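Work through the exercises below with the sequence and the structure in view. Each task is followed by a solution in steps.

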Amino acid sequence: METLARGFGEAVQLLLEFEPALLEIVGLTLQVTLIALAIALVLGIPIGAALGLARRIPGRSVLVPLIYTGMGLPPVVVGLFTYLLLSNQGPMGSLEWLFTPSGMIVAQTIIALPLVVGLTMAAVQAVDPDLPVQMRALGATRRQIALTTLVESRIGVTAAVVAAYGSIISEVGAVMLVGGNIEGETRVLTTAIVLETRKGNFALALALGIILLALAFITNFVFYRLQLRQGGP
Amino acid sequence: MTTTYRLSGVQHVYGERCVVDIAHLSILEGEILGIVGPSGAGKSTLLRLLNFLETPTIGHIEYRGSAYDGDVPLSVRREVTTVFQRPMLLRRSVSANIRIAQRIRGGASGDALIDQWLDRLGLADLTDAPIRTLSAGEAQRVALARALVVEPSVLLLDEPTGNLDPYNVGLIEHMVRSDTDRRGMTTVVVTHDPFQAKRLADRTALMISGRVVEIGETEQFFTDPKQPETRAFLRGDLVY
Ligand SMILES: Nc1ncnc2c1ncn2[C@@H]1O[C@H](COP(=O)(O)OP(=O)(O)OP(=O)(O)O)[C@@H](O)[C@H]1O
Ligand SMILES: [Mg+2]
């Protein structure tokens, strides 16, 4: 209990002091998370929408269970896979992305992508199947039908964004393996928490944890406001 | 008189069941054709075929002189629209729902036109109302406004007044009639209410089990039906 209280105090203090090392960690956390999220959304929303709309794609009976599995991928396994991909002998070794933020973004994109695809697909499938028919009857092209249906499923798609964001900002296994938790280079909030806990700096670790939760909360608060606005007209 | 649709040997099958089975049917340019018939007769399915939403399993539908197998050009598709039995509206405002029909067809978003239609259908106060707050009859009128705003040359109506009070039924029938006459639109109206066909349609057809049992001038259809099924249907007997 005392540790908790101290952790909270320390967190406030750290924040108020604008400790440069801390700001750097927070900045990198946000940078890696948001870029990975953006890539996952740009790729995942169209794929998810296509899967949700076209119910008769060949290979669907294998593809969909694969995506569902992907939604629960153990981050450590993704980290290992990305590590091998980016290591010197790996197929993407020439990029020299191992132990860099770019490598971490690759790993987190792999974690977020199936979530975005799977949840977008579910959201689109939840739209009344007669709606695309009505749009077609109004003279819509396939592209217009897809866009209208996607917009109609916007509340569910926002949930996909929230789930993907939450899973990668709080993820530690993959960024630890691929990033290496190098101070000033690849240290993010989660890996810093692991390190400080190991060193016995519980108060500092807790402070970092509180900051992480606050970041998640603030972002989700914004998402929720967006969702509320979409529920109306 | 030119024909808008000419159906020959059209059969539409779901699974094992032949739901529409029409040897010959012509729908004439500029007419209002009423279609009555018991539930499950295939009326809605026929409208889906006429709107090119499905392709008949067997047979041809000739539309304005051309038969299309599968791919119907966009410009042709956009001449036709349907107001479905269940109004399918987007979870947005009333005006946004009507605007989308114009947007889809690349038409200029004419807010004045939208207001004009909402006003005509007694929905002027609901312009900004969210769809989920509408009553069933209001939703039905929004769906109708959305179809009429794009000025289709063929309008297919599936039970357009099922949820409406007599005043609004009259209003909508008047509107369909005046647009049909003003623009030479061709209209097919499926209705459960024989009296609606009697008031509105130039010709009326009776569908039973996928077949057109009788079709004729509305006047004659009601006063002097040729088929025993028609007489039974108009009496209110169960026909199938
Ligand atoms: N997609 C479908 N798959 C299988 N059967 C269908 C499908 N659509 C319609 N049917 C069947 O085809 C038959 C005709 O349906 P349809 O909706 O055309 O009837 P209807 O005349 O419009 O009836 P109602 O007056 O009740 O609206 C029904 O028995 C229905 O169960
Ligand atoms: Mg029907």
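Predicted model: local features only at pLDDT ≥ 70, side-chain atom pairs only at ≥ 80, totals over all residues.

Residues are numbered from 1 along each chain as its sequence is written, chains are lettered from A and ligands numbered from 1 in the order in which they are written, and side-chain values use heavy atoms, without hydrogens and water.

**Exercise 1.** Give the strand order of the open sheet in chain B, and find its edge strands.

Solution. Step 1: the order is β6-β7-β8-β3-β9-β10 in chain B, with mixed pairing. Strands are DSSP runs (E, at least two residues), numbered from the N terminus, and two of them pair if DSSP finds at least two bridges between them. Step 2: β6 (80–83) and β10 (211–217) of chain B each pair on one side only, which makes them the edge strands.

**Exercise 2.** Classify the ring pair of Y165(A) and F223(A).

Solution. Step 1: rings of Phe, Tyr and Trp (its six-membered ring) pair if their centres lie within 6.5 Å; planes under 30 degrees apart are stacked, over 60 edge-to-face, the rest tilted. Seven aromatic pairs are counted over all chains. Step 2: the centres of Y165(A) and F223(A) are 6.1 Å apart and the planes stand at 80°, so the pair is edge-to-face. Step 3: both Y165(A) and F223(A) are buried (under 20% relative accessible area; exposed is over 50%, partly exposed in between; 1.4 Å probe, protein chains only).

How values were computed
Helix = DSSP H or I, 4+ residues; strand = E, 2+ residues; numbered from the N terminus.
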